[in-house]
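Let's take a friendly look at the open spaces in this protein.

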Amino acid sequence: MQIPLIDLKAQYLSIKPEIDQAMQEVIENTAFIGGKALSDFEKSFAEFCGANHCVGVASGTAALHLALCALDVGPGDEVITVSHTFIATAEVVKTVGAKVKFVDIDPYTYCMDPAAMEAAITENTKVIIPVHIYGYVCDMDPIHEIAKKHGIYVLEDAAQSHGARYKGNRVGSLAEMGTFSFYPGKNLGAYGDGGGMTFAKKELAEKADMLANHGRWEKYKHLVEGYNARLDALQAAVLNVKLKHLDGWSENRRQAAKIYDGLLADVGEVTIPPVGSDTVEPVYHLYVIQVPNRDAVFEELRSRGVMSQCHYPIPLHLQPAYEHLGMKRGTLPVCEALADKCVSLPMFPEITEEQCKYAIKTLKDILAGK
Ligand SMILES: *Cc1c(COP(=O)(O)O)cnc(C)c1O
């Protein structure tokens, strides 16, 4: 049996007529930039998140960048985030000329450790970016409490958690601003690059919208210098179709996770991901376990047809790109330990019970030396 890490083809086939029609409509109307597909999506996605406003942008990276621009982050400012994330979260801090500070994660949720975050705050700290990693949600209450005390903005990086809930509310509505990626492999994925920003306040939404579109408020009238970072209409049309299915797909992911959790319950060497609770309803962008002897297990899983991955094998603070920060191994022990042991098992809404069982049987065989 071959089990892919994700199966975008299976998903396309399950909604092919809707997708084909939505894309065809954009093409026939030749409204490729802006237009109804985009405004419909922005409205629907804001509603979905429980946010007041949404602006579609070119990628998750563009969303993070524009969020920092909208908050006027620049040289002299510091931004605190986690080392255990995709590099985009940190890259954009450099893009606006500010300084990134990496902090450790909580060993259970794999999300930002609020105490570590508080310890990293200085008088130059302007924004903190908690990352809802793997489809889980950061513990937002203590983060907000600390941020409020120090007068710091909170920006959610929700690129991996579309639809996940914290105390009943969805990510994207848990702070001043939220940013999303619609990269094809994300839980809500376009057919190319795409991203979105959600807002509580209209002024910030308008500012981000303007910055994403050359700083203009009307054609050829530019208030400030901006960027070309728009979400194009074909992607918005795809996202409009897929958003209607997202809650169902998230439920399928939770069911698959439940199967994995059950089959792994008696495997002492394996640590399973954080489970849903009264506080958090996760959406399992990835199903990440911790195993001893990771590299060997990982290679063996793949060679037996279970297409696992490591998210992420090297934390950002130990990457060559961040050598200049001078953070040696040992400075962020929790995320370093996770990076050494993490394996992402196949996870996608269309995964079958049979596939889950095969993946775990294979893993058990490998751990037993069979
Ligand atoms: C994917 C991702 C991004 C970047 O999104 P792109 O659309 O690829 O630019 C940012 N942050 C996290 C946590 C991500 O997983």
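## The largest pocket

Sorted by class, the residues lining the largest pocket are 12 nonpolar, 12 polar and four charged. This is a predicted model, and in it the largest pocket has a volume of about 480 Å³. Its lining is made up of 28 residues, and those closest to the centre are Phe86, Gln160, Ser181, Tyr183 and Lys186. Helix 4 (60–70), helix 5 (88–95) and strand 8 (177–181) are the elements that each give two or more residues to this lining.

## The second largest pocket

Next comes the second largest pocket, with about 340 Å³ of space. Here 17 residues form the lining, and Glu25, Ala37, Asp40, Ala237 and Asn240 lie nearest the centre. By class, the lining holds eight nonpolar, five polar and four charged residues.

Which helix gives the most to the lining of the second largest pocket? That is helix 9, with six residues. Helix 2 (16–29) and helix 3 (35–49) also supply at least two residues each.

## A closer look at Ala237

Ala237, one of the residues nearest the centre of the second largest pocket, sits in helix 9, which covers residues 233–264. Is Ala237 buried or exposed? Ala237 counts as buried because its relative accessibility is 6%, and the cut-off for buried is under 20%.

Beyond its neighbours within four places in sequence, Ala237 is in contact with Ala22, Val26 and Ala37. Ala22 lies 215 residues away from Ala237 along the chain, yet their C-alpha atoms are separated by 5.7 Å. Ala37, another of these contacts, is also among the residues nearest the centre of the second largest pocket.

Terms used. Residues numbered from 1 in each chain as written. Predicted model: local features only at pLDDT ≥ 70, side-chain atom pairs only at ≥ 80, totals over all residues. Heavy atoms only, no water. Helix = DSSP H or I, 4+ residues; strand = E, 2+ residues; numbered from the N terminus. Buried < 20%, exposed > 50% of the residue type's maximum accessible area, 1.4 Å probe, protein only. Contact = heavy atoms within 4.5 Å. 1 Å grid on protein atoms, 1.4 Å probe; cavity = no way out; pocket = protein on both sides within 12 Å on 5 of 7 lines; lining within 4 Å. Points joined across faces, edges and corners; volume = space filled by probe spheres on them. Nonpolar A, V, L, I, M, F, W, Y, C, P; charged D, E, K, R; others polar.
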